[in-house]
Every structure is written in structure tokens, then in C-alpha cells.
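Here is a short tour for anyone meeting this structure for the first time. Have a look at the sequence and the model, then read on.

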Amino acid sequence: MNQYSRWIENLLELIPHTPAIFMIDFLRYFVFAGLAFLILYVWKHPFQNRKIQNKKAQPSQFLREFLYSVSSVSVYTLVTLTVLFFRKLGYFKFYEDVREYGWGYLFLSVFLILAVQDFYFYWTHRLMHTKPFFRLLHKVHHESVIPSPWTAYSFSPGEALLHALILPIVVSLFPVHNLALLISMTFQIVRNVLGHSGYEIFPGRFLSNGILKHINTNTNHDMHHQFFRYNFGLYTTIWDGLFGTIHPEYEKTFRKITEEKEKRLSDQIENDTN
Ligand SMILES: [Zn+2]
Ligand SMILES: [Zn+2]
């Protein structure tokens with residue numbers, strides 16, 4: 001069989017999987033964004049006094065964000081299909097049997113995927129905030145100045161492509177099992193939805209802990225949508241800390257949203273019971 005007929009055969013084998021690949025990504029977005037929306041925007045919830053910005057996101061923005069997210073999922077599907085195509089040709093370091101490297105390695109690889117993505121996101125995000133790339137790639141995402149759970153995948157196709165490239169990058173760097181990808185990408189969408197949810201759910205004392213304070217909070221990314229020039233990180237504030245891009249008011253704002261509002265709520269409960 002010559003090379004071209006092998007390519008065509010691979011393509012014909014992959015094409016029927018397209019709807020399933022699309023649906024896995026779409027449902028991951030729709031279920032987690034939908035749940036966060038129901039809990040935080042429709043039902044009465046314990047975080048009502050933890051709204052990060054005083055203004056509310058407009059219902060008209062939700063549909064725009066949802067449609068851009070569907071477009072992003074289409075881009076992710078194309079990238080996944082391309083990676084699977086080259087995987088069939090023997091490229092990339094996928095492995096199928098967990099026993100090959102053991103469960104310890106599988107969980108280490110989840111951590112590695114997230115660490116590489118954290119670094120990749122910080123620098124591509126900073127690149128997208130430079131003049132030539134902002135309009136071209138990132139403007140769509142920043143149309144949501146008051147983000148909502150639906151903002152999670154609201155990207156231009158170019159930005160979605162840039163984010164999707166994390167897949168070929170990690171499977172080029174170290175051996176990756178499908179389960180490790182499933183766990184890390186589920187963590188990614190949960191974190192992403194929370195970061196855009198508009199409410200702070202982390203405990204008030206979170207930033208007082210020497211280790212936990214390096215983990216990104218919802219306030220951190222929300223402030224990125226408000227102020228544009230700070231807080232470029234995804235999962236951690238490590239790169240923002242090292243390169244001096246944490247918003248100077250970040251810790252103060254986080255404490256104001258969590259501690260003061262917690263105090264106000266407990267005062268209110270006390271007054272109500274008296
Ligand atoms: Zn964002
Ligand atoms: Zn940005």
C-alpha cells in the first residue's frame with residue numbers, strides 16, 4: 001500500500017468518529033457551564049454575597065458566548081482529528097495500556113499536562129494582548145467584560161486554534177494515556193467555567209496560605225476581564241508573580257469580596273436572629 005492510500009484509509013476510518021469527538025467536547029462545556037449557570041444565576045445559592053463585580057452580565061451576551069463556544073468546539077474537533085490522523089501514522093507518544101507506565105505515572109502525567117498548559121497559556125495569552133494579535137485573536141473573548149459561565153470557550157476561531165495546540169504539544173513531549181487527557185481536560189473546563197463564573201467560591205483565607213496563594217482564584221481571572229493588563233495566568237499565579245503581571249489590587253479585592261462580605265452576612269444573620 002503506498003503512502004497516499006494509507007492516508008486516505010486513515011481519513012476514512014477517522015471521519016465517522018467526528019460527531020463523537022465533537023459531542024465529548026461540547027457536552028463537557030455545556031454540562032459544566034450549564035450547571036454553574038443554573039446554580040449561580042438561576043437558583044438561590046450561598047455565594048450570592050460573593051459577586052465579584054457589582055454589575056450583572058447581560059442575558060444578550062450569553063447567546064453570543066454560547067455560539068462562539070460551539071465554534072471553538074468545532075476547532076478543537078478538527079485539531080483532535082488531525083492529531084489522531086498523525087497518531088495512526090505512528091507520530092506522537094500516546095500509549096494504550098495503563099500498566100505500561102503504571103497508575104503513578106498516569107497521575108503524574110495529568111499534573112504535567114496541566115503544568116505545561118499553565119506555562120503555554122500564560123505566554124500565548126500575553127502574546128494575544130500585544131497590539132497586532134489582540135484584534136485578530138483575543139478581542140472576542142474580551143467582549144465579555146463581565147464574564148459568565150458561558151464565556152469559558154467564547155473565543156475567535158484563531159484563539160481556539162492556539163489553545164487547542166496544547167494537545168499536539170503535550171503528546172509530543174511525554175507519553176500520554178487517553179484517561180490522563182480526559183481527566184486534565186475535565187479539570188480544565190471546570191476551572192475555566194469557575195474562573196468566568198462571576199462569583200468567588202474560594203475561602204477567604206485562601207491567599208494567606210503560602211502555597212495555596214499561587215493557585216488562581218475566580219477573582220483573579222475576573223479582574224483580567226475588567227482590567228485587561230494584568231492576571232494572564234490560567235491555573236496558577238506563578239508566571240504572573242515572576243513576571244510582575246499580578247494586578248496590584250488583586251489580594252485586596254479578593255479579601256474584600258470574601259472576608260468583608262462573609263462578615264456582612266454573619267452580621268446580617270445575627271441581626272435577623274436578634
Ligand atoms: Zn477569560
Ligand atoms: Zn486576555
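This is a predicted model: local features need pLDDT of at least 70, side-chain atom pairs count only at pLDDT 80 or more; totals for chains, interfaces and linings use all residues.

## Before we start

Leu-38 makes a handy test case. Its relative accessible area is 34%, so Leu-38 counts as partly exposed. You'll find Leu-38 in helix α2.

In soluble globular proteins, nonpolar side chains tend to be buried together.

## Inside the cores

Which residues have the most contacts inside the largest nonpolar core? They are Tyr-29, Ile-113, Tyr-153 and Val-171, in a core of 45 residues. The elements giving two or more residues to this core are α2 (18-42), α3 (59-88), α4 (102-128), α6 (157-164), α7 (166-173) and α8 (178-195). Helix α4 supplies the largest share, with eight residues.

Let's zoom in on Val-171. Once you set aside neighbours within four places in sequence, Val-171 is in contact with Val-83, Phe-92, Lys-93, Phe-94 and Val-176. There is also a second, separate core, made of six residues, with Phe-202, Met-223, Tyr-250 and Phe-254 among them.

## Salt bridges

How many salt bridges does the model have? The count comes to nine. One of them pairs Glu-251 with Arg-255, with N and O 3.1 Å apart. These two sit four residues apart in helix α11 (residues 250-273), so about one helical turn separates them. Both partners are partly exposed: Glu-251 has a relative accessible area of 35%, and Arg-255 has 26%. Elsewhere, salt bridges with shared partners tie Arg-64, Lys-139 and Glu-143 into one network.

Within that trio, Glu-143 and Lys-139 form a salt bridge whose closest N and O atoms are 3.6 Å apart. Glu-143 is partly exposed at 36% relative accessible area, and Lys-139 is partly exposed too, at 32%. Another pair to look up is Glu-96 and Arg-87, whose side chains meet at 3.2 Å, N to O. Is Glu-96 buried or exposed? Its relative accessibility is 65%, so Glu-96 counts as exposed.

Now for some loop residues. His-196 lies in the loop between α8 and α9 (218-227), and with a relative accessible area of 3%, this histidine is buried. Leaving out neighbours within four places in sequence, His-196 is in contact with His-141, Pro-147, Ser-148, Pro-149, Thr-151, Ala-152, His-221 and His-225. The side chains of His-196 and His-141 are also joined by a polar contact of 3.2 Å. As for His-221, it is 25 residues from His-196 in sequence, yet the two C-alpha atoms are 7.0 Å apart in space.

Arg-50 is another one to find. Look in the loop between α2 and α3. With a relative accessible area of 7%, Arg-50 is buried. Its side chain reaches the backbone oxygen of Glu-200 at 3.0 Å.

Most residues other than glycine have a negative phi. Which way do Phe-228 and Asn-231 go, positive or negative? Phe-228 has a positive phi of about 65°, and Asn-231 has a positive phi of about 60°. Neither is a glycine.

Phe-228 is in the loop between α9 and α10 (238-242), and Asn-231 is also in the loop between α9 and α10. When it comes to cover, Phe-228 is partly exposed with a relative accessible area of 28%, whereas Asn-231 is buried at 0%.

Definitions and conventions:
Residues are numbered from 1 along each chain as its sequence is written. Chains are lettered from A and ligands numbered from 1 in the order in which they are written. Side-chain values use heavy atoms; hydrogens and water are left out. A salt bridge is a side-chain nitrogen of Lys or Arg within 4 Å of a carboxyl oxygen of Asp or Glu. Buried means under 20% relative accessible area, exposed over 50%, partly exposed in between (1.4 Å probe, protein chains only). A nonpolar core is a set of buried Ala, Val, Leu, Ile, Met, Phe, Trp, Tyr and Cys residues joined through side-chain atoms within 4.5 Å. Contact means heavy atoms within 4.5 Å. A polar contact is a pair of N or O atoms within 3.5 Å; within protein, one must be able to donate a hydrogen and the other to accept it, and residues adjacent in sequence count only if both atoms are side-chain atoms.
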